[in-house]
Amino acid sequence: IDYSTGVEAFLLEPQSTNLVTYSEDFSQSYWTKSGASVTSGFVSPDGTLNAFKLVEGTSTGEHFIQAIGITTIVDKYSFTLFAKAGESSKLRVRGANYFSNVTGADFDLIAKTATNLSKGVNASIVEMSDGWFKCTFTSSDNAFAGPSAHYRVYLLDDLGSTSYQGDGTSGVYIYGAQVEQQSYPTSYIPTDGATATRNQENCVDATPTINSEEGVLYFEASALADDVVDKRIAISDGTMNNYVSIGYSRFAGNIIAEIISGGVLQTVGWGATGVNKTNNNKFALSWGGGTMKFYVNGNQTNIENVTSPIGLNVLDFSNAVHTLNMYSNTKDLQVFDKALADVQLEALTSFSSFTEMANALNYTII
């Protein structure tokens with residue numbers, strides 16, 4: 001369960017490995033210091049005293065720590081660091097390789113901004129609790145790959161410069177360094193002396209009560225990335241012969257709304273196009289009476305003539321044969337055993353709660 005945005009969400013992610021071998025203990029010799037030091041014993045985002053403070057020295061020059069010798073191959077990489085403002089509020093997270101190719105981003109913990117420093121970088125900053133921020137960037141130009149790649153964290157002065165006269169006391173709190181061979185950052189994987197891998201997560205073979213002749217599949221979620229990978233959430237008879245599915249297409253902005261009945265594909269168009277998949281979106285696919293309707297965020301985006309599937313009794317965060325896994329932050333998932341009217345589908349995908357929807361439709365919740 002992901003609580004980072006303040007609203008609980010069911011988080012399913014792919015397998016990933018944190019290539020930083022000491023992700024929390026910055027006092028280790030693995031993390032070399034230049035013009036800076038670290039102090040332990042501060043409350044981290046997990047609520048324990050395992051965060052550090054990165055403190056600038058008194059010299060004139062750069063003030064940073066770095067981990068050298070991260071094992072990499074040519075690919076996209078995502079960097080993560082949790083940070084909290086102290087006397088200082090600006091830092092730079094950088095990756096580089098043996099050939100001095102550099103990638104990275106600057107983060108301002110007061111202005112709450114993330115700035116890309118090189119081509120192929122996509123940086124973001126997400127506010128958590130108690131002043132902490134999750135600072136991330138993804139690099140797609142291979143600047144980090146190669147021998148002796150390193151992960152470096154700089155302190156910056158008020159002007160955003162890495163080289164300045166330090167005062168010996170100012171600093172930023174840091175926690176949870178992570179490098180992944182991924183096209184987007186995933187949740188934090190702690191390490192203590194070796195790389196660590198989180199296995200892929202999936203949810204399959206749930207058994208809801210479904211009326212195959214008609215119904216609604218409702219799905220509220222944000223994709224972890226708008227990448228080139230197909231993802232599905234589906235109800236089926238356990239095969240691809242009778243199947244109802246909503247999904248993210250590998251094509252940018254395109255949403256799948258798919259029905260198969262008796263092994264025959266009933267739908268021919270996209271459920272929707274032009275959707276920002278990493279936003280929180282509400283989708284509803286309704287079928288029954290020979291008609292399929294698809295709604296996104298209060299708007300009908302598709303309607304087609306279909307034959308209803310039969311025997312639907314399995315719910316999967318994937319397709320019916322357990323491929324095309326749905327990696328997302330899922331805030332709501334519901335299966336209705338009746339097709340809903342247009343006004344109900346519009347309300348279901350528009351309002352923030354059932355209470356708000358019921359009030360708008362003049363219904364009583366019992």
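## A buried aromatic pair and its surroundings

F79 and F137 are both buried. They sit in a predicted model, whose protein chain has two helices and 27 strands.

**The chain as a whole**
- Of the 366 residues in the protein chain, 52% are buried.
- The protein chain exposes about 15700 Å², and 49% of that comes from carbon and sulfur atoms.

**Aromatic rings**
- To describe a pair of aromatic rings, we give the distance of the centres and the angle of the planes.
- How many aromatic pairs does the structure hold? There are 17.
- One of them joins F26 and W31: this pair is tilted, with 5.0 Å from centre to centre and 55 degrees between the planes.
- F26 counts as buried because its relative accessibility is 0%, and W31 counts as buried because its value is 1%; the cut-off for buried is under 20%.
- F79 and F137 make a stacked pair, with 4.4 Å from centre to centre and 10 degrees between the planes.
- F79 belongs to strand 8 (residues 77–85) and F137 to strand 13, so this pair ties together parts that are 58 residues apart in sequence.
- F26, W31, F79 and F137 are among the members of one aromatic cluster, which also includes Y22, Y30, F52 and Y151.

- Strands of a sheet pair through backbone hydrogen bonds, either parallel or antiparallel.
- Which order do the strands follow in the open sheet of six? The order is 4-5-16-8-13-12, and the pairing is antiparallel.
- Strand 4 (36–42) and strand 12 are the edge strands, each pairing on one side only.
- From one strand to the next, the twist averages 30 degrees.
- Six bridges connect strand 4 with strand 5 (residues 51–56) in the antiparallel sense.
- Across from S40 you will find F52 of strand 5, and F52 is also a member of the aromatic cluster.

**T191, a threonine in a loop**
- Look for T191 in the loop between strand 16 (171–180) and strand 17 (196–198).
- Is T191 buried or exposed? T191 is buried, because its relative accessible area is 7% and the cut-off is under 20%.
- A polar atom of the T191 side chain lies 2.7 Å from the backbone oxygen of V20.
- The backbone oxygen of T21 lies 3.1 Å from a polar atom of the T191 side chain.
- Leaving aside residues up to four places away in sequence, T191 touches N18, V20, T21, Y22, S23, E24 and A196; Y22 is part of the aromatic cluster too.

**Two residues with a positive phi**
- Most residues other than glycine have a negative phi.
- K112 is not a glycine, yet its phi is positive, at about 60 degrees.
- You can find K112 in the loop between strand 10 (102–108) and strand 11 (113–116), where K112 is partly exposed with a relative accessible area of 43%.
- D130 is not a glycine either, and its phi is positive at about 55 degrees.
- Where does D130 lie? D130 is in the loop between strand 12 (121–127) and strand 13 (132–139).
- D130 counts as exposed because its relative accessible area is 53%, and the cut-off for exposed is over 50%.

Definitions and conventions
Residues numbered from 1 in each chain as written. Predicted model: local features only at pLDDT ≥ 70, side-chain atom pairs only at ≥ 80, totals over all residues. Heavy atoms only, no water. Helix = DSSP H or I, 4+ residues; strand = E, 2+ residues; numbered from the N terminus. Buried < 20%, exposed > 50% of the residue type's maximum accessible area, 1.4 Å probe, protein only. Polar contact = N/O pair within 3.5 Å; in protein donor to acceptor, adjacent residues only side chain to side chain. Contact = heavy atoms within 4.5 Å. Pairing = 2+ DSSP bridges. Axes fitted to C-alpha atoms, helices over the stretch in contact; angles between N-to-C directions. Areas by Shrake-Rupley, 256 points an atom, 1.4 Å probe, with all protein chains shown as cover. Phe/Tyr/Trp six-rings, centres within 6.5 Å; stacked < 30°, edge-to-face > 60°.
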